[in-house]
Amino acid sequence: MTGPSSSANQYAGSGRRSVAILGATGSIGLSTLDVIQRHPDRFEIFALTASSRVDEMVALCRQHRPKVAVMADAEAAVTLRSRLPADLGVEVLAGREGLVAVAQSAEADTVMAAIVGAAGLEPTLAAVRAGKRVLLANKEALVMSGALFMDAVAQSGAELLPIDSEHNAIFQCLPPALARDMTGAGVRRILLTASGGPFRNTGLSSLAGVTPEQACAHPNWSMGQKISVDSATLMNKGLELIEACWLFNTSPSQIEVHVHPESIIHSMVEYVDGSVLAQLGSPDMRTPIANGLAWPERIDAGVASLDLFALGRFHFERPDLERFPCLRLAAEAFDQGGTSPAVLNAANEVAVAAFLKGRLRFTDIPVIIEEALSALPSTSATDFDVIFDKDRESRAFALERIGRMAV
Ligand code: NAD
Ligand code: MG
């Protein structure tokens, strides 16, 4: 592998985009591979990364033949090295260093940031600093570090493209020249849509008893476990509210969440003249992924045509902040600014992991987050080390607090 690149969008020499997929074994990673596989003339796979699942990585390496495979877990990297036949020619790297190395390598011009959670920040930032086209699925990285992340994008000239379906929809509905800063675009408000998750119609008294299996059974989308739980608590919409503020240079007062249970309208932009532009499509992440990979061109994503006759109707509701306080907590954390979004995110990650292990009730997820936010008041986020420190502090606080809670 050659060293880090210093300038934007260097091609690997073949004229095809050379892609590193961070989080290749996950839901977004696999959908990205599915789109790429349909266009061997346009894309080649430089690197695939995963956390610890060696079997999945062996299968992906055999199928897609990347130049480099990274396992974040060092032992898993050793096992992967022993399992891959030499004639595949895959170089195996390990740990955070390996993730950063492929994210900033001169051999990749496009990086899909699809690691889940704060673990994705360091390699995603490396891709940003190296001036790559960065396809951002890993919303937590941007939520945690906000202004610092966007400053790094501006400094390096990285091409940051939103993959979250709502943000990709908003991006498509804004004029291209103002799609990264909607100031002056004549936008009255953003209508951020939400499915409402599996508990949209579940009463407050029943929410305390819901199981991880119920929380992960999303009505429309098939996703990783963490984002599925976030969708069920509406924290996903809270993280997306913050994400939208940074991506489009706006504020929560200009964003109105609309629960739209069909998940066909992926978000809307209302202009001052009363026009409302929407982006519609089947709930299939291959659409925004293909949009980001080929932007500004359009490529086949393998997604079937929308059958509006079969759908018949669309519905809209206001979010219920009493049953789903996480949306309110996220808006408050954004307003507090500084380190508060990092505290919110870290406490949420710990609480969701505990819920998934059966160690925390669903309704205690927002309790833990709210306590973390008040125990660790916002300080100025002057550099990334401050963010990483707050992330650790918030995790420690949440773990300790959960330990003292009886399920
Ligand atoms: P997932 O759990 O299916 O996959 C996560 C990937 O990250 C896996 O490849 C895993 O190996 C890797 N990973 C996990 N922990 C890691 C660590 N500590 N170090 C290195 N790698 C690690 O998750 P997903 O549903 O694909 O979501 C990925 C990201 O995309 C999340 O930030 C999520 O919010 C965002 N996103 C997902 C969807 C979706 O439909 N799944 C939609 C919008 C945004
Ligand atoms: Mg989304």
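**View 1. Polar contact between domain 2 and domain 3.** One residue pair, both at pLDDT 80 or more, is in polar contact between domain 2 and domain 3. A polar contact is a pair of N or O atoms within 3.5 Å; within protein, one must be able to donate a hydrogen and the other to accept it, and residues adjacent in sequence count only if both atoms are side-chain atoms. Salt bridges between domain 2 and domain 3 number zero. Such a bridge is a side-chain nitrogen of Lys or Arg within 4 Å of a carboxyl oxygen of Asp or Glu.

This is a predicted model, in which local features need pLDDT of at least 70, side-chain atom pairs count only at pLDDT 80 or more, and totals for chains, interfaces and linings use all residues. Residues are numbered from 1 along each chain as its sequence is written, chains are lettered from A and ligands numbered from 1 in the order in which they are written, and side-chain values use heavy atoms, with hydrogens and water left out.

**View 2. The side of domain 2 that touches domain 3.** About 1,200 Å² is buried between domain 2 and domain 3, with 81% of it on carbon and sulfur atoms. Buried area is the accessible area (1.4 Å probe) that two parts lose on being put together, summed over both. On the domain 2 side, α9 (212-216), α10 (225-233) and α11 (235-248) each give at least two residues. Helices are DSSP runs (H or I, at least four residues), numbered from the N terminus. Helix α10 gives the largest share, six residues. By type, this side of domain 2 holds 12 nonpolar, three polar and two charged residues. Ala, Val, Leu, Ile, Met, Phe, Trp, Tyr, Cys and Pro count as nonpolar, Asp, Glu, Lys and Arg as charged, and the others, Gly among them, as polar.

**View 3. Surroundings of ligand 1.** Ligand 1 is surrounded by 23 residues, each with a heavy atom within 4 Å of it. The closest are Thr 25, Ser 27, Ser 51, Glu 140 and Gly 224. A backbone N or O atom of Gly 224 is 2.8 Å from an oxygen atom of the ligand. For Gly 23, a polar backbone atom lies 3.3 Å from an oxygen atom of ligand 1. For Ala 137, the distance from a backbone N or O atom to a ligand 1 oxygen is 3.4 Å.

View 4. Glu 122 and Arg 96 form a salt bridge, with their closest N and O atoms 2.8 Å apart. Glu 122 sits in helix α5 (residues 121-129) and Arg 96 in helix α4 (residues 95-104), so the pair ties together parts 26 residues apart in sequence.
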